[in-house]
Amino acid sequence: MIEVRDIKKRYGFKSVLNGVSFTAAKGEITCLIGINGTGKTTILKSIMGLTPFRSGEVLIDGKHLDKHAYEKITYIPDTITMLPSMRIFEALDFMKDFYSCWNAERAEELLKFFKLQGSDRISHLSKGNTAKVNMLLGLALDVDYLLMDEPFSGIDIFSREQIADVFTSHLVENRGVIITTHELNEIEHLIDKAVLLDGGKVLKEFQTEDMREQEGKSVVDVMREVYNQ
Amino acid sequence: MRKYTGTIVFTAITVIIISMFYIGTAKANQNLPQFVVKKTAGSMDENVEAYGYLYSSNIQKGGLSRSTLIDDKESKYQKDSIFNEGFNSDQPEVEELKKKYGSFFRKKDLYGSNAYYEDNNQLGYADIVIEEEKPRIKISILDKKNGEITDFEPGIPKKLVSADFANVIDVQIFGNEMRVMASLQHFDKEDIVLFTVDMKAKKLTDVTELYKGDNENPIRSTQRMSTNSASSIVASRNSRSTQIMYTKSENPIASAKHFVFAVVTMEEQEVDEEDFISKEISRKYIDINMETGVKQEIGSAVLENKMIPATVDGNKLYAIKRVKGKIKVQVYDLDQKKNLQNYEIEWPEGLSNERFDSLQVSIQDGKLIMASALSAEIVDMNRSLKGLPQVLIADEKDGKLRWHGVVMPKDIIDFQEYSLSIDGFKVK
Amino acid sequence: MNNFLKLVHFELKRFSKLYMGLIAIIAVAQLLIALIIVNMYASDINRMLAQGKSSFEILGKMGKMSIGNIMNNNLFYMTLMVGAIPLIIYMFFIWYRDWFGKSSFIYRLLMLPTNRMNLFYSKAVAMFLFIFGLVAVQVLLLQVEHWIIGAIVPRDYNSNLDFLNLIDGSPLTVILPPTLEQFFLSYGVGAMLLVTLFTAVLLERSFRLRGIVIAILYCVVAGVVFFIPLFIQNLTEGYFYHKEEVWALIVSGLVVTICGITLSNYLLKRKITV
């Protein structure tokens, strides 16, 4: 389980995170929801140790972040995390070299699934294909937790369908996923937990199934309620 | 592993090439030429050591330069290390003392042994500070018996000192008095002054003017060197310049009762457009008794014509002149003011003018030592002994030759690649 | 240790193409300059011989040819700059290239399951390998230039002096100090400078705009700390002996280096931001 406890962060004088707390369990897809600029990406980076926060703590399976954690959790940001001059197979080699939890077979499987060639140069890929490679780099790792930042933003519709398929497949099963998006359409039905953010705080945190069964509300309904106040 | 070959090869080649370079320089350093001091005449068995510098010539700028110590068996070169303070030929005595009395030498000027004094009981040091506010002498005394260091700074009355810069020439201690002979420079004027300090009262008790430079004949340089170098400095308006030359003593730190220096006035005459000849107009010798503070002029009444004071030992002054390839020596007692001896020394293998001009004379243990440190560059094509640095040791009482030696290369080397410059000789 | 070596290999590889190009440029430029200088000398000799001068006269006027003639030439010095300047720029760029550009490779580097200081050490080691590589190339070039002189200049006019002895006094002593001891001291200071520079970069990357000010301040403080022994010497009117002064500087250099590494460690683990 990923536990985020009361993290606060400022950029200069502007307070971005004002005491954010939530949890994300393994085996569940947790979605951070909020308009642009509410700090969703910042929360993900904070969890990954890619940006510092002033106070609060983040626990991953009860432990603070250390170098071993990167074999248990990975982050798929909205930019490609490899050198554009690399060819795809070189990127895969790099991952294999450094991560003991790299699953080369799954990487090959994903390559075929996304219809990409190992010899393609990353800088020559379209935006959609770049996003797919990025996703591949994350999914081919046998990590317990996946953090994805706006996986659908700016992607063409066919690629989006492919990516959405990933979420229902064995590729994501049993893993804890935190995903941020401001477009719920594709995945509302996939989310297990929703965390609504505004003004650097968590306004509401709930299990989607419970909300549907007990109050008959969809995620969007709750959003309307909460954000219109 | 295969994909790492590039990195491994690159790293290996780089390390190998640089290592080979440094192995090469280490080897080259070991191949420095060997010189020895070889005895050529005399019955005495002495171990004489020469110290100086080896230079590599034929290089555009700079090049090899190593301190060397040459004895009868080999040349020792100082390792080229930044940790070495360098056996600076100017002050091997100070280096020796530093080993024994380390902390005394802190914060002191280590580049001239003139400022130090040593006898059986104490070590002394004096430095003159001319600052606007308070000109003073910084004095430091180490009592050898109990290791105590006493520091005090007697002030110098401002009106006595209109100088920008002061240089200590000699320091002596007799009884309770310390005498500091100094050169005070102001613009192009220079005065030689003797300060007397009462060490008990820690005060300056006397200032005696030994020589006063005047504007007519400004001094261009004061050099501690051999007796009579003919080199002269560029002149002033009147094209006259005055040079002060000190007789060199074997050990500037040791106690010496007399100090003799020469005041030479030269005039430059234009021969043609670019050529000048320096002509000596006047020359006088001044002796200071450091114990009593009394000065006397040593004139022609005392010295034979053209005799030049070379060194002083105790109260004896040794003057020399070149007579038909031999050296004539006059020994004069400065206290009793009378001649003691006169004798001639024959220089083996002949004595050239240049060699005579470069002679450095000193007295050690009753021996008269004359060293000619001509650079080994001046070698004629046959590489005869005439051009090499030489030392002659004679009995100071009668001038009888006891030892003569030459610094020569151990093996045949190409002299044109190197030049050897000898600063001095030491009899071990 | 393994990850560190892998990262070193990675850093070397990604710069290798530009690096090879740099070596090629330097080599070609230097050899051309050497050929020009040697040929000029040879033709001067021939000209004077044709005028009827004796070899004694000629040698007296021009001196024998040695590799010193090349090493002390201004153009030669410029080829050294051609090597030095790109490397100095790369000392910054080796970090900044991971942040800028379309990708953000720094994400990947910071998410590697390895001690983050390995990023620091691997970049530092890679920089040093680049520097030493150029130095090694220079040594080879000097040997080739030595042979060129031997091939073109007639024997009587060739002093045949090995460049090993001649480096002293030429601008090459900066990169090739005359003794091994000096080599370690000089490059030790270089390592201290590199660590300080890297730390400054990390300060900027951690604090952005404020970071530039902090980085500059840090460099100034580092410089002051390093020179403390000299300040003490000045204030106490020369209390230290020369040997002690050298040791004191070695210690202060180590202090600056270790502080830099410690600070960089802290920054990389707790303050760096993408």
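User: What makes strand β7 (residues 136–143) of chain B and β8(B) a pair?

Analyst: In this predicted model, β7(B) and β8(B) are joined by 4 bridges in the antiparallel sense. Two strands pair if at least two bridges are found between them, so the 4 bridges here meet the cut-off. Within this pairing, B:I139 stands opposite B:F152 of β8(B).

User: Why is β8 (149–152) of chain B called an edge strand?

Analyst: The sheet is open, with 4 strands in the order β5-β6-β7-β8 (chain B) and antiparallel pairing. β8(B) pairs on one side only, as does β5 (116–118) of chain B, and these are the edge strands.

User: What is the strand order in the open sheet of 5 strands in chain B?

Analyst: The order is β1-β25-β24-β23-β22 (chain B), and the pairing is again antiparallel. Its edge strands are β1 (35–41) and β22 (359–364) of chain B, each with pairing on one side only. From one strand to the next, the twist averages 20°.

User: How do you know that β1(B) pairs with strand β25 (residues 401–409) of chain B?

Analyst: There are 6 bridges between β1(B) and β25(B), in the antiparallel sense. The requirement is at least two bridges, so β1(B) and β25(B) count as paired. One of the positions involved is B:V37, whose bridge partner in β25(B) is B:V407. In total, the secondary structure of chain B comprises 3 helices and 26 strands.

User: How many of the residues of chain B count as buried?

Analyst: The share is 34% of 428 residues. To be counted, a residue needs 20 or more other C-beta atoms within 10 Å of its own. Among the contacts in chain B with a separation of 6 or more, 49% link residues 24 or more positions apart.

User: Why are α4(A) and α5(A) described as roughly parallel?

Analyst: The axes of helix α4 (residues 127–139) and helix α5 (residues 157–168) of chain A cross at roughly 15° and come within 10 Å. Angles under 35 degrees count as roughly parallel, so this pair falls in that class. The crossing of α4(A) past α5(A) is left-handed. On α4(A) the contact is made by A:G128, A:A131, A:K132, A:M135 and A:L139, and on α5(A) by A:S159, A:I163 and A:V166.

User: Which chains have the most contacts between them?

Analyst: Of the 2 pairs of chains that touch, chains B and C have the most contacts. Chain C gives 39 residues to this contact and chain B gives 28 residues. On the chain C side, the largest share is the 7 residues from α6(C).

User: How far apart are the nearest C-alpha atoms of chain A and chain B?

Analyst: They are 11 Å apart, and chain A and chain B do not touch.

Terms used:
Residues numbered from 1 in each chain as written. Chains lettered and ligands numbered in written order. Predicted model: local features only at pLDDT ≥ 70, side-chain atom pairs only at ≥ 80, totals over all residues. Buried ≥ 20, exposed ≤ 12 C-beta atoms within 10 Å, placed from the backbone. Contact = placed C-beta atoms within 7 Å. Axes fitted to C-alpha atoms, helices over the stretch in contact; angles between N-to-C directions. Parallel < 35°, antiparallel > 145°, perpendicular 65-115°, else oblique. Left-handed = near helix turned anticlockwise from the far one by under 90°.
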